Amino acid sequence: MYIDVDSLRPDHMGCYGYTRNTTPNIDKIAKQGVRFTRSYCEASPCVPSRASFISGKYAINHGALTHFGPGGQFYHPGAERYSTRYPFFTRYLREAGYKTITISSFGDRHQAWWFFAGWNEIHSHTLKRGNEDANEVNEHVLPWIQEHGADDNYFLHIQYWDPHGFYTAPDYYAEQFVDQPAPAFPSDEMIQQHRHMYHPRSARMFHWAITPNIPRKMPHEIRNRTDYEQLINLYDAGISYMDEHVGQIIAAYRELGIEDEVTFIVSADHGESFGEQGIYMEHGMATESVHHIPLIMRVPGLTTSGTAIDQFVYNVDVVATIADLVGLDVPTGWDGRSLAPLLRQDGDNWNRDYLVLEHGLYACQRAVRDERWHFIRTYDPGFYQFDPVVLYDMHDNESVNVAALHPDIVAQMDHRIVEWVQENRAIHGEIGDPMEDIIQTGPYRYIGKEEWITRLREVGMTAEADELAKRKHSAYE
């Protein structure tokens, strides 16, 4: 069973050290299994990440590096579409005799019809396109488990949206956190600095429209720590509500008498920003807050209870692992590696020293994350005020750009990105680099540049509108 939670940050989960009791049920799964502390989605946000799930490939190789338009076309090689080299993950399992079931509205939300390939059963449960709550998901999950949960050889994918804005969990779930300390970052002083920014989902321009259709509990701006804490309480409420329904799934298997026989995998498509880079309730940028995701695996007979694994892993490694665990070869056209040796605590040969990350929806970026550094190269910042080169020292201050102090590290990181792109072109090469397609047209999908300039003028941010209007196609040309 794969529990796929949209926009879930690991540092808001108890098993990853969060002080609020947001995930007691998932924490129990983690206590019985393995928790990966350095798991990352290779490409964000939703469409690139789940395209990697279905294809086993990095976004540079499956083509969907943004949600739609240039650089957003999911691609599988025509002549080898269903070959042993490039199988869809779901088709690969199904051809091996496993029943594959998804309970998710993701394909409908993003018109990502390729996501529906290969499943035996597709439960799109509502027409709300990702705006359903966990109770609406479980209305379909629980009857399926009651009827089929004791069957053999199936892969069940369940997706929850509750930690994805606008956070519509019942009031109690936010109220339980009101008197509990929220994360210290960002400070009130930093929030005031953020209010000078003018990108969408900034502290001042928190909502895209002048009169947004938002839940009554949602702040209209992030003016201070009070607004920030209100927002965090709502986010944590979404996580708590989702987790309660994960508990219902565990209980359903317990009633069948097979709770201890079920393999549980819990992860996310990406994380979320809450003040990082001046962004709130959004998953733009190839940053730590967006790309760092939870990964918990409980595999009966294989995983050791309460184990934490600190190796760098990608989301594409998970589908490779599932294939390996059921006795299938990892296809040569997939980019992931099986995590089974790490699960067996036999990963001495795991030699991945760094990860390359990509984002193409709200900005055009590639990043490198290693033991100490998080480097981000921005090719087009879109609406954002983001330095073309950013280097964070993850051992010191994760929000101070120290690129100017370490030109040798910057050069090394740029070389790693170039080398990674060249290696992937050499291995696959069926399509061009989707990042180049996005750069040519700009990372503007849900709101155009001229629309946002007009929006800034409407709220009196004339100087900011003029600054954005003066930008060339890329601010770094």
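A residue counts as buried when its relative accessible area is under 20%, as exposed when it is over 50%, and as partly exposed in between, with a 1.4 Å probe and protein chains only. Strands (E, at least two residues) and helices (H or I, at least four) are DSSP runs, numbered from the N terminus.

The model is predicted: local features need pLDDT of at least 70, side-chain atom pairs count only at pLDDT 80 or more, and totals for chains, interfaces and linings use all residues. Residues are numbered from 1 along each chain as its sequence is written, and side-chain values use heavy atoms, with hydrogens and water left out.

**Exercise 1. Strand E16**

State which residues of E16 point one way and which the other way, and whether they are buried or exposed.

Solution. 
- Step 1: E16 covers residues 389-393.
- Step 2: Val389, Leu391 and Asp393 point one way, while Val390 and Tyr392 point the other way.
- Step 3: Both groups are buried, which gives five of five residues and a strand that is mostly covered.

**Exercise 2. The sheet around E16**

Find the place of E16 in its sheet and name the strands at the edges.

Solution. 
- Step 1: Two strands pair if DSSP finds at least two bridges between them.
- Step 2: E15 (residues 373-380) and E16 run antiparallel and are joined by five bridges; in one of them, Arg377 has Val389 of E16 as its partner.
- Step 3: E14 (residues 364-370) pairs with E15 over six bridges, also in the antiparallel sense. Here Gln365 stands opposite Thr378 of E15.
- Step 4: The open sheet has five strands in the order E3-E13-E14-E15-E16, with mixed pairing.
- Step 5: E3 (43-44) and E16 stand at the edges; each has a single partner strand, so one side of each lacks a neighbour in the sheet.

**Exercise 3. Helix H2**

Describe the cover of H2 and the residue just after the helix.

Solution. 
- Step 1: H2 spans residues 46-55, and ten of its ten residues are buried.
- Step 2: Among them are Cys46, Pro48, Arg50 and Phe53.

**Exercise 4. The whole chain**

Compare the radius of gyration of the protein chain with that of a compact globule.

Solution. 
- Step 1: The radius is taken over C-alpha atoms, and the globule rule is 2.2 Å times the number of residues to the power 0.38.
- Step 2: For 477 residues a compact globule would have a radius near 23 Å; the chain has 22 Å, which agrees.
- Step 3: Of the 477 residues, 62% count as buried.
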